[in-house]
Amino acid sequence: MLEMSATPTSVSLNTMANITPTIAAVTGNTTMNGTDIIVPSRMPREADSNSVNFYIGLTLAILSTIFIGASFVIKKKALIKLSQYGTRAGEGGYGYLKEWLWWAGFFSLGFGETFNFAAYAFAPATLVTPLGALSVLVSAVMSSYFLRERLNLHGKIGCMLSILGSTVMVIHAPAEAEVTNLNTLSQMLIEPAFITYGVIVVIISLVLIFYYGPKYGKTNILIYIAICSMIGSLSVMACKGLGLSLKQTFGGDNQLTNLLTWFLLASLVACVTVQMNYLNRALDIFNTSIVTPIYYVFFTTFVISASAILYKEWELMTPKDIIGTLSGFLTIVFGIFLLHAFKDVNFSLSNLPTFMRRDEPKEIHLSNGSTTSLLQDPPSEEEVVR
């Protein structure tokens, strides 16, 4: 830090011309009096403010994953309780609306989504979105304790990989371009790069919805997931802009009369509606253990891309941080894959020696009570039923 005393120091005009820009950049204030320059020794506080916002956003994102992950377990617990004496929700029953435990899970989900919404106002989307994978981890761990769902060795390794990947992403998270008001955001929204991205996303989504969806949606898992992921990336950008509007409003600068605020709100509602519609279709047709990891990868990839184009977060990162962020993301992907892909395999440290032997068939116990061998083809669905 360049620091000068309060006593005026006489310097030549050439020297002053050389050092004044440097001092101005560091302190933000210079005073010229002939050939004298007086500079108070103080440092700017923008970096401190950005650091505080980053940790506020990080804390909100972590709280969001905890509440959202817990909500699935709480509501599942309520539905199991209701299934013993009432019509199940899957059969059209609505008895869960009278169960206080289900409402506890509902409000837990509401708190989680609120924290997630607020996190986008303080931290980069490149950080907040990937951390959403931790809700899967929270749900898996709590299910093993409260729902007696077994978490095998693959699941435990997957949980550790998800935590490790999230930690790496936090360490290498990009600094976000300074956007302090909606006026700045409005200029960024009309830049050619982001408009091009938005138009491409909308066109591809419409083609998938009206042409490929009706033909291949029930057989190709990527159709519906691609739709909700691409539209979901726009919903995150609208959510982040709306959070900025509310943050500015609560700070004393009312933005409720700004048309951009209502445009962002309308865009958010429209995008979330489409996103949830096609995500539910994918979950209804395909196995959840397959949909969840694929959707996470697609959704996070599109969000990171949209955020990089709109907020130019990657331009502020060093090559080391870029590699670290991508490595953390891929580590989370592998962790989620292990957590879901092998959840029905009864594999633990106690039977690891059996899996290590090569001279005898190794049986895998599935969740439906049947067994299959690694040395023969797994039984078909008809054989399992018989």
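Author: Lys312 is partly exposed, with a relative accessible area of 27%. Please keep in mind that this is a predicted model.

Reader: Which residue forms a salt bridge with Lys312?

Author: The partner is Glu191, and the closest N and O atoms of the two are 2.5 Å apart. Glu191 lies in the loop between α7 and α8, while Lys312 lies in the loop between α11 and α12 (319-341), so the pair ties together parts that are 121 residues apart in sequence.

Reader: Is Glu191 buried or partly exposed?

Author: Glu191 is partly exposed, since its relative accessible area is 28%.

Reader: And how many salt bridges does the count come to?

Author: The count comes to 1 salt bridge.

Reader: What about disulfides: how many does the structure hold?

Author: It holds 0 disulfides. As for individual cysteines, Cys159 is buried at a relative accessible area of 8%, and Cys239 counts as buried at 10%.

Reader: Where is the place of Gly241?

Author: Gly241 sits in helix α9. Gly241 is buried, with a relative accessible area of 0%. Not counting residues up to four places away in sequence, Gly241 touches Leu182, Leu185, Leu264 and Tyr311. Its C-alpha atom is separated by 7.9 Å from that of Thr261, a residue 20 places away along the chain.

Reader: A change of topic: where does UniProt place the "transmembrane region" feature?

Author: The UniProt record, an unreviewed entry, places the feature at residues 52-74, 128-147, 159-175, 195-214, 221-239, 259-278, 290-310 and 322-342.

Reader: How much of residues 221-239 is helix, and how far apart are the end C-alpha atoms?

Author: That span is 100% helix and 0% strand, with its end C-alpha atoms 27 Å apart. Residues 259-278 are also 100% helix and 0% strand, and there the end C-alpha atoms are 29 Å apart.

Reader: What span should helix α5 have at 1.5 Å a residue?

Author: The 13 residues of α5 (residues 134-146) should span 18 Å, and the end C-alpha atoms are 18 Å apart, so the two values agree. The helix is followed by Arg148, whose phi is positive, near 60°.

Reader: Which residues of α5 are buried?

Author: The buried residues of α5 are Leu134, Ser135, Leu137, Val138, Ser139, Ala140 and Ser143.

Reader: Finally, what are the overall figures for the protein chain?

Author: The protein chain has 14 helices and 5 strands. Of its 386 residues, 39% count as buried. Among contacts between residues at least 6 apart in sequence, 72% join residues at least 24 apart.

Key:
Residues numbered from 1 in each chain as written. Predicted model: local features only at pLDDT ≥ 70, side-chain atom pairs only at ≥ 80, totals over all residues. Heavy atoms only, no water. UniProt positions renumbered as here; feature names shortened; annotations may be inferred. Helix = DSSP H or I, 4+ residues; strand = E, 2+ residues; numbered from the N terminus. Expected span 1.5 Å × (residues − 1). Buried < 20%, exposed > 50% of the residue type's maximum accessible area, 1.4 Å probe, protein only. Disulfide = S-S within 2.5 Å. Salt bridge = Lys/Arg side-chain N within 4 Å of Asp/Glu carboxyl O. Contact = heavy atoms within 4.5 Å.
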